[in-house]
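Below is a brief report on one structure.

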Amino acid sequence: MIRRTPLAWLNLTHDRRKLLTSLAGVAFAVLLMFLFNGFKNALYDSQVQLLQLFNADIILVNKQKYNMFVPEAFARRRLYQAQTFEGIAAAYPLYTNTANWKNPDTKLTRPVRVLAFNLQDPVLPLPAIQAQIEGLKLPDTALVDDKSRPELGTFTPGTITELSDRQVRVIGTFSLGTDFAAGNGNLVMSDQNFLRYFANLGPEEDSRTLGTVDLGLLKVAAGADPEVLVKTLTERLPKDVQVMTKAEFVQQELTYWRENTNIGFVFTLLTGMAFIVGVILVYQILYTDVADHWAEYATLKAMGYKNIFLLGVVLQEAAILSVLGFIPGCCVSVLLYSLTSNATGLLMRMTPDRAISTLILTFMMCLIAGSIAVRKVQATDPAEVFG
Amino acid sequence: MRTPLAWLNLLHERTRLTVAIAGVAFATLLIFLNLGFLGALATTASQIYSRMNAQIFLISPQSLEISTTETFPQERLYQVAGIEGVQRVMPLYVGYQQWRNPETRRNRSMFVYGINPRDPVFTLPELQQPETIAVLERPDTVLIDRFSRPEFGPQTTGLETESDRRRVEIGGQYSLGGGFAADGTLITSDQNFRRLFDPRPLDRIDLGLIQLQPGANVEAIVQAVRAKLPQDVLVLTQAEIIERERTYWIATTSIGFIFSLGVIVSFIVGTVIVYQILYTDIASHIAEYATLKAMGYRSRYLFSVVLQEAVLLAGMGYVPGLVLSIGLYTLATKATSGSLPMSMNLGRAIFVLFLTLFMCSVSGLISVRKVISADPAEVFS
């Protein structure tokens with residue numbers, strides 16, 4: 001069988017310059033969708049990046065702490081109680097507090113979130129943190145997140161500034177990123193230093209002790225089922241704490257942000273508009289192409305080709321455009337993602353499934369545009385064109 | 001009269017024109033939406049100050065925005081009270097409390113304003129009623145904002161619940177709206193604020209409100225206050241404090257960056273759309289343009305034709321874009337039940353009109369090169 005002439009391909013590549021413009025058009029529509037979707041995902045992802053990092057299978061929090069913003073702690077005894085259950089290998093307390101950080105350059109203060117734990121406990125398995133445990137044992141030392149907002153100022157190991165009106169020495173950095181609850185950034189210190197900063201806060205604020213814990217991290221022994229343990233712990237521990245698997249805890253946080261903010265609405269609307277813009281762009285391209293090859297299409301019809309064949313050609317063009325335009329669009333998006341990530345500290349991630357879902361959107365966008373544009377071809381009457 | 005060539009060129013093919021207009025309209029719409037979201041966030045963030053009954057505000061230089069404040073000594077207010085033209089000085093205390101929804105027993109962060117019940121801190125007549133003042137003066141009694149999110153629970157007068165583990169009674173309601181940092185607010189007396197936020201002392205305040213006598217010269221008094229007070233407080237007019245709050249939300253959170261990038265990319269997409277339209281138009285009329293040139297028309301004339309087309313497209317696309325945007329603004333405000341108050345203002349409409357004109361002109365300038373370089377001899381060879 002003789003191979004058919006790849007009509008769609010030849011139509012598109014006929015005028016190179018026009019093809020380039022068309023691809024740029026599709027690429028920009030793709031970019032727009034990636035951008036708005038990326039913002040949405042980044043705002044959600046950033047909220048849970050710390051939670052996902054925790055070295056835990058089960059999380060224990062105060063019953064009232066339904067998101068990371070709620071400053072409710074629970075009694076440390078609950079962790080000891082949990083530890084006695086069979087199948088629980090370890091229990092680590094994590095203390096958090098918000099405190100004012102003095103920007104060493106401008107001397108202006110900004111609130112940051114302090115994460116503190118017993119240095120023996122592998123709470124945050126980040127190599128940068130693990131490597132600097134020895135330094136954290138010294139009094140009044142801390143590690144600072146280098147993805148913190150620029151308002152925290154510049155800091156290098158050895159920088160001395162103030163945290164909560166008390167001197168602090170930065171001994172190094174780690175990389176985490178900001179979220180709504182952290183505000184401007186995160187600080188890591190030992191539980192002993194946590195006491196130095198927050199045990200005597202003065203008259204305006206409640207002081208902290210190590211007796212109340214913000215987050216309890218439980219490790220499950222090899223072979224034990226976290227789900228079953230969560231059930232047992234929920235039944236047997238007093239009702240002032242809630243017990244969740246790490247996945248449930250992350251989900252609870254995400255659900256809070258989904259239901260209590262307009263993030264989803266705003267960016268879904270913007271993505272939808274970007275999609276419509278894309279349809280118009282591609283329609284324009286295909287319509288021009290159809291209009292230019294008007295006579296040829298009519299000839300094909302006169303030769304006996306069915307409408308379905310012409311539909312096939314236009315849809316093929318649409319498909320080719322969507323794929324060829326998607327590639328540069330995706331590449332530019334990756335660049336813009338890293339730009340945004342650097343500028344804001346948000347977690348802009350391009351994952352395969354997000355890329356694929358945008359590819360599918362692009363494809364749909366081109367198909368819709370193609371099927372509108374093809375109506376002109378189908379209505380073609382050879383007699384009229386050559387009349 | 002000259003033949004309106006640009007107009008006829010565009011009108012020549014109706015379908016293409018419609019698509020072109022739709023393209024420009026949607027690019028405009030995208031820009032409007034991004035600016036609208038940005039504007040809505042700035043409005044929500046700063047509207048609280050426009051509801052306050054003061055012309056001059058005192059705030060600690062270390063305060064970032066209304067919900068992240070540092071306190072300063074109340075004496076600063078007393079120092080100001082004697083300045084001529086000052087009618088009244090009022091302290092305002094703010095803070096977060098964990099409010100228990102009496103039905104679900106779930107806690108949620110509530111933003112609390114502490115005021116002297118006899119001070120007209122807010123421009124809300126319902127707070128000035130003698131009976132409301134009497135309610136505010138009762139111990140452990142609060143007023144709740146009707147615009148608080150439903151998650152805070154029922155707002156019935158007389159209902160008892162807990163705020164940071166202290167029993168409180170709802171004494172009444174008011175309508176204020178939470179702003180950006182709070183989705184529910186309470187108003188309580190300074191004495192109750194002291195009880196709720198124990199051990200916070202009342203001699204350190206979060207915000208100082210200065211009300212002037214009618215007809216007083218605000219600028220002159222601001223200068224006098226600045227001269228009198230030490231550097232530990234900022235003295236700001238209402239417009240200045242609103243601007244400060246806006247700048248905080250837009251410049252130092254990710255929000256400003258996100259929507260500005262949105263505007264820029266939408267602008268580029270608009271440029272690409274218009275370029276495509278103009279380029280196609282030129283490509284299909286290249287012979288005509290060459291003929292014009294052969295007849296002796298200057299490049300400048302052709303240049304102006306393409307630019308005119310660009311401007312016409314901008315105008316014709318802008319109008320439906322604007323109308324659609326106003327519709328979407330209303331829709332978005334409704335869909336978010338008022339928490340995202342998007343509204344069109346003249347400044348933004350004019351700004352986007354210029355942006356659209358600029359966008360179309362840029363595309364016109366890029367696509368016109370093909371016409372300028374059109375050589376009649378080549379086209380007809």
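## Around B:Gln238

Leaving aside neighbours within four places in sequence, B:Gln238 contacts B:Tyr49, B:Ser50, B:Met52, B:Ala54, B:Gln55 and B:Phe57. The model is predicted. B:Gln238 sits in helix 8 of chain B. Its relative accessibility is 25%, so B:Gln238 counts as partly exposed. B:Ala224 is 14 residues away from B:Gln238 in sequence, and the C-alpha atoms of the two are 16 Å apart.

## Where chain B meets chain A

In this interface, 57 residues of chain A are in contact with 61 residues of chain B. About 5,000 Å² is buried between the two chains, with carbon and sulfur atoms giving 63% of that area.

Between the chains there is 1 salt bridge. A:Glu72 pairs with B:Arg165, and their closest N and O atoms are 2.9 Å apart. Polar contacts between chain B and chain A come to 10 residue pairs, both residues at pLDDT 80 or more. Several elements of chain B supply at least two residues each to the side touching chain A, among them helix 2 (14-50), strand 3 (86-100) and helix 11 (299-335). Helix 9 of chain B gives the largest share, 17 residues. By type, the residues on this side of chain B are 30 nonpolar, 18 polar and 13 charged.

## Salt bridges

Over all chains, the count is 21 salt bridges. One of them joins A:Asp45 and A:Arg354, at 3.0 Å from N to O. A:Asp45 is in helix 2 of chain A and A:Arg354 in helix 12 of chain A, 309 residues apart. Both residues, A:Asp45 and A:Arg354, are buried. Together with A:Arg349, they are linked in a network of salt bridges.

A:Arg78 and A:Asp240 form another salt bridge, 2.8 Å from N to O. A:Arg78 lies in helix 3 of chain A and A:Asp240 in the loop between helix 7 and strand 11, so the pair ties together parts 162 residues apart in sequence. A:Arg78 is buried, with a relative accessible area of 9%. A:Asp240 is partly exposed, at 33%.

## Nonpolar cores

The largest nonpolar core holds 146 residues, and A:Phe267 and B:Phe259 touch the most other members. Beyond its neighbours within four places in sequence, A:Phe267 contacts A:Phe36, A:Phe39, A:Lys40, A:Leu43, B:Ile258 and B:Phe259. A second, separate core has 37 residues, including A:Tyr95, A:Trp101, A:Leu229 and A:Leu237.

Terms used: Residues numbered from 1 in each chain as written. Chains lettered and ligands numbered in written order. Predicted model: local features only at pLDDT ≥ 70, side-chain atom pairs only at ≥ 80, totals over all residues. Heavy atoms only, no water. Core = buried A, V, L, I, M, F, W, Y, C linked by side-chain atoms within 4.5 Å. Buried < 20%, exposed > 50% of the residue type's maximum accessible area, 1.4 Å probe, protein only. Contact = heavy atoms within 4.5 Å. Buried area = accessible area lost by both parts, 1.4 Å probe. Salt bridge = Lys/Arg side-chain N within 4 Å of Asp/Glu carboxyl O. Polar contact = N/O pair within 3.5 Å; in protein donor to acceptor, adjacent residues only side chain to side chain. Helix = DSSP H or I, 4+ residues; strand = E, 2+ residues; numbered from the N terminus. Nonpolar A, V, L, I, M, F, W, Y, C, P; charged D, E, K, R; others polar.
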